[in-house]
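Hi,

Here is the structure I promised to pass on.

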Amino acid sequence: MKSAIFLARRATASLAFLALATLPMMAGAAELPADLKNLVGTPLLAAGDIENANLLALNRAMFDLYGDASDVFRSNILANHPVILALFSGAGGSFTLYRPGQPPLEAPSVPLVYQLLKSVGHSTMALAQVVGPYLDNPKDKSWVAPMLAFRSRMQSALESVSATAMPPDWRENNHTILKANIAFMDECLKKGDISYDALKAFSVRQAPFLAKNVSWAAQTQVAHWMKVVAEWKTLLGSDWNKTYGASNTIYVTRQNNVIFSVLAQFFGPEAINDRLILIETVSFTTSKADMLGSLTRIIADRSVGQLFFGNGRLMDYELMGGDARDAIVAEAGKRNMQPFLPPVVPFGSHQWPTLVTPGPGPGAIKDLR
């Protein structure tokens with residue numbers, strides 16, 4: 001689109017230069033100066049370029065207009081509906097409650113022990129990343145310096161476990177994990193080599209202890225946010241039934257998303273994909289402003305779908321999706337291919353916005369034991 005608009009502007013400028021060049025000649029004036037001659041003239045445009053640019057400019061204008069309207073829509077939504085933004089963070093999430101006519105209410109953070117448990121677990125799995133490129137490659141010693149630095153941090157953490165505020169069995173489990181991490185690093189440093197067999201044996205030994213940390217961290221996070229949302233639901237009273245909720249996710253946290261699942265317990269099945277929205281992003285964290293912008297667009301687009309097509313949830317789906325399905329089936333037939341498409345889901349479905357088809361195989365860490 002940019003190239004088409006550029007061509008349109010260039011054509012307009014070229015016409016102005018041609019007019020400038022033609023006027024003196026019509027008046028019998030001398031030829032244009034050499035420096036001006038260098039600026040006069042245009043490349044030959046393809047038929048329809050200017051006309052195409054005029055039509056494409058409409059789409060660009062639409063985005064500008066939508067941006068202006070979005071600010072108004074967002075203000076109106078916040079003036080009439082409570083909104084809960086539940087965002088992912090390394091600290092277990094951040095929850096904000098927006099109430100009409102009142103300042104935002106920030107929820108207290110998940111207890112610090114959640115971060116301690118995850119930090120120890122991540123440090124263990126990070127070892128596989130540190131050593132991965134150098135497995136069974138004794139000639140390359142470039143891993144030694146990073147491992148020595150990481151070992152120093154690991155030792156400091158090991159010496160600090162006993163002073164952390166967590167139940168005794170949790171401290172013991174983390175002490176075991178960190179001690180085994182250091183033993184593995186010392187073994188690698190002593191041998192001057194990292195074998196896959198050694199890494200595999202290490203990971204198998206650590207897995208049961210890591211699983212405990214994962215379980216305790218999940219319990220801590222869920223208990224905290226269940227309490228927060230329960231209190232907010234009581235605070236809002238009847239306004240809860242018109243409250244919007246939105247949480248963010250990336251691909252790897254979409255299935256069994258903890259924060260969205262907590263919200264769903266209070267919003268209920270009928271609110272999913274209606275007042276409770278899971279918004280996919282490309283990074284673990286995102287801003288409140290961006291989340292409010294996405295939520296505003298979803299709500300505003302629903303009115304457009306209702307106005308033009310009589311269905312307020314049409315715009316929650318790929319607008320061309322239905323016709324594209326038919327086109328894919330037709331094109332696949334031309335190529336003797338069997339179409340492979342998901343089931344048709346009606347507009348306004350309240351299914352979980354994640355994989356919902358059951359099947360064989362493990363679905364949790366406990367299923368892997």
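Predicted model: local features only at pLDDT ≥ 70, side-chain atom pairs only at ≥ 80, totals over all residues.

H6 covers residues 168–191 and H7 covers residues 196–236. Their axes come within 10 Å, with a crossing angle of roughly 155 degrees. Since angles over 145 degrees count as roughly antiparallel, H6 is therefore roughly antiparallel to H7. The crossing of the two is left-handed. On the H6 side the contact includes Trp170, Ile177, Ala180 and Phe184, and on the H7 side Leu199, Phe202, Phe209 and Trp216 are among the residues involved. By type, the contact residues split into 10 nonpolar, seven polar and three charged.

Next, Thr249. You'll find Thr249 in strand S4, which runs over residues 244–249. With a relative accessible area of 2%, Thr249 is buried. The Thr249 side chain makes a polar contact with the side chain of Asn257, at 3.3 Å. Leaving out residues up to four places away in sequence, Thr249 also touches Arg254 and the run Leu278, Ile279, Glu280 and Thr281.

Last, Asn273, which sits in the loop between helix H8 (258–267) and strand S5 (276–280). What does Asn273 touch, not counting residues up to four places away in sequence? The answer is Arg302, Arg313, Asp316, Ser349, His350, Gln351 and Pro353.

Cheers

Technical notes. Residues numbered from 1 in each chain as written. Heavy atoms only, no water. Axes fitted to C-alpha atoms, helices over the stretch in contact; angles between N-to-C directions. Helix = DSSP H or I, 4+ residues; strand = E, 2+ residues; numbered from the N terminus. Parallel < 35°, antiparallel > 145°, perpendicular 65-115°, else oblique. Left-handed = near helix turned anticlockwise from the far one by under 90°. Contact = heavy atoms within 4.5 Å. Nonpolar A, V, L, I, M, F, W, Y, C, P; charged D, E, K, R; others polar. Buried < 20%, exposed > 50% of the residue type's maximum accessible area, 1.4 Å probe, protein only. Polar contact = N/O pair within 3.5 Å; in protein donor to acceptor, adjacent residues only side chain to side chain.
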